[in-house]
Amino acid sequence: MTLAYPPQPDRDSAPWWARAGRREFAVQECDSCGTLRFPPRAFCAACRREAWHWRRIAPEGTVESWIVNHQPFVPGRRDPYLVVMARLTAVPGCLVHGNWRAARPPKHLEPVVAVFTEVEAEVTLVDWTPADV
Amino acid sequence: MTLVPKRLLELRDRTAIAGIGYTPFTKDSGVSTLTLACRAVLAALEDAGLTPDDVDGLATHRVGDSAAPSLVAPALGLDVTWHLDQFGGGSVSHAVVGQAALAVAAGVADTVVCYRAINARSEFRMGGTGRGVPVSPEVQYQAPYGLVAPAQHFALYARAHMLRYGTRPEHFGHLAVTQRANAVKNPRALMRTPITLDDYLASRWIAEPFRLLDCCLETDGACAVVVTTAERARALRRPRVLISAAAWGGGTSHLSCDDPTVTGAAALAPRLYAQAGLGPGDIDVAELYDCFTYSVIVQLEDYGFCPKGEGGPYAASGAIGPGGELPVNTHGGFLSEGYVHGLNHVAEAVSQLRGEAGDRQVPGAEVALSTAQPGYILPATSALILRRA
């Protein structure tokens, strides 16, 4: 599978994608106030300081919403596909997106866990699957 | 930090919208956005009873899809001493008018024409299909999943609202049906065939929970409004419509947000109302940014017309239709009139306050709210409260 829109890491996010490629789910933790944040960026919005370190977290969340895409938004992709919006358990107020890896539709607020999918060489995406599977 | 700086309160009703202008709305204009912009600017000046020689300011917003003021000014031979070329989509649409009002109130320009000109169907489709993904850091965490178009993001927010508050497809459908009925009475509207709730429910899926009739049109067209001082507008030929409040800014969220069912409008509304010295109960007609049905539902809540979570039932109650307590999107909105990214909402509000909206006129409308994209995807929005003098 070749992605029509592969990730385009920038100078803030490249280390995050590298860790995802090693099947590690990491977010930034502020050295000063300990606030966790995602996606990667230089400053802590809580204390406005720069110093931080990676913190490996449990890749767990809950289902906040999802869509089933029918319009051909992606060139060459005709089948309906489901994208889920999950709330990270470890990072307050943080919503992330991903493919849904289950045969059944999601349920509101159900626990989910990340699965790492190497979709092509050097490209690993974080998808989501029900915690009870 | 005070809610509204004193200086902003002093600007209440100091500026006015003295003219509005449109090109026809079509699916293929056959002309450049520069041509569309020039036509709308001249139409707005004609409406105001002004000439191009009266113009000393031009303002627009765009996302790399339209002609800049620095192109429009020489194309029309305008001697412009102040201009604004704002990067941004629907969320900044009303900030453009607000910035023009600030320039006029500060005395650095006397007459500013704000315009938006797009070939959003024939050249640069906002719907995302078949075009590249905009460059934004957050896109890298979305596009690989095939999450590339505004309809998909708003559908995610809409389902979150449905799951949390019990909002139903029929609530969205009622809104689409009501706005289409308004468009039937609007000669400018692209979609003038009435629809029923069954038509809505039978329309094809775009991104569940959104159907085709949840989504706005993609339109070629332009719209312009003339901003000048309230004093100067008094001498012009059209009924005066005063800018009672203009606010922009909004929330603080990034890709992450605490609550996907609350928009930047919830943070903006208290400032906006304070600037005008008014509240939701004073609004006679509301032109609410309707890129999708859901964006209207959430704004009914975030601008304080009903409690959080009750936007769907409120919309379906008849309150937003003709004769209701808050007629909404009287022109048919982006869903049925046409999509000019925000400025056609401002122009419709002006028509209503002048009492010139024809068959769709809200009787006795004195105060109008007009709003921008409420602050999803990026956490900023903008809005105006306009008042008949």
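## From fold to interfaces

Read from the N terminus, the elements of chain A follow the order α-β-β-β-β-β-β-β-β, with helices (H or I, at least four residues) and strands (E, at least two) taken as DSSP runs numbered from the N terminus. The radius of gyration of chain A, taken over C-alpha atoms, is 16 Å, close to the 14 Å that the globule rule (2.2 Å times the number of residues to the power 0.38) gives for 133 residues, so chain A is as compact as a globular protein of that length. This is a predicted model, in which local features need pLDDT of at least 70 and side-chain atom pairs count only at pLDDT 80 or more, while totals for chains, interfaces and linings use all residues. Residues are numbered from 1 along each chain as its sequence is written, chains are lettered from A and ligands numbered from 1 in the order in which they are written, and side-chain values use heavy atoms, with hydrogens and water left out.

Chain A is divided into domain 1 (9-57) and domain 2 (58-133), with bounds that come from an automatic or database domain assignment. The centres of domain 1 and domain 2 of chain A, taken over C-alpha atoms, lie 21 Å apart. Contact, meaning heavy atoms within 4.5 Å, involves 13 residues from domain 1 of chain A and 14 residues from domain 2 of chain A. The two domains of chain A bury about 1100 Å² between them, 75% of it on carbon and sulfur atoms, where buried area is the accessible area (1.4 Å probe) that two parts lose on being put together, summed over both. Arg23(A), Phe25(A) and Ile57(A) supply 53% of the area that domain 1 of chain A buries against domain 2 of chain A. Across this domain interface of chain A the rule finds zero salt bridges, a salt bridge being a side-chain nitrogen of Lys or Arg within 4 Å of a carboxyl oxygen of Asp or Glu.

Turning to the partner chain, 40 residues of chain A are in contact with 37 residues of chain B. Chain A and chain B bury about 3300 Å² between them, 60% of it on carbon and sulfur atoms, and within chain A the residues that lose the most area to chain B are Tyr5(A), Phe73(A) and His97(A), together 21% of what that side buries. The rule finds one salt bridge across the interface of chain A and chain B, and the side chains of Glu64(A) and Arg164(B) meet in a salt bridge at 2.6 Å, N to O.
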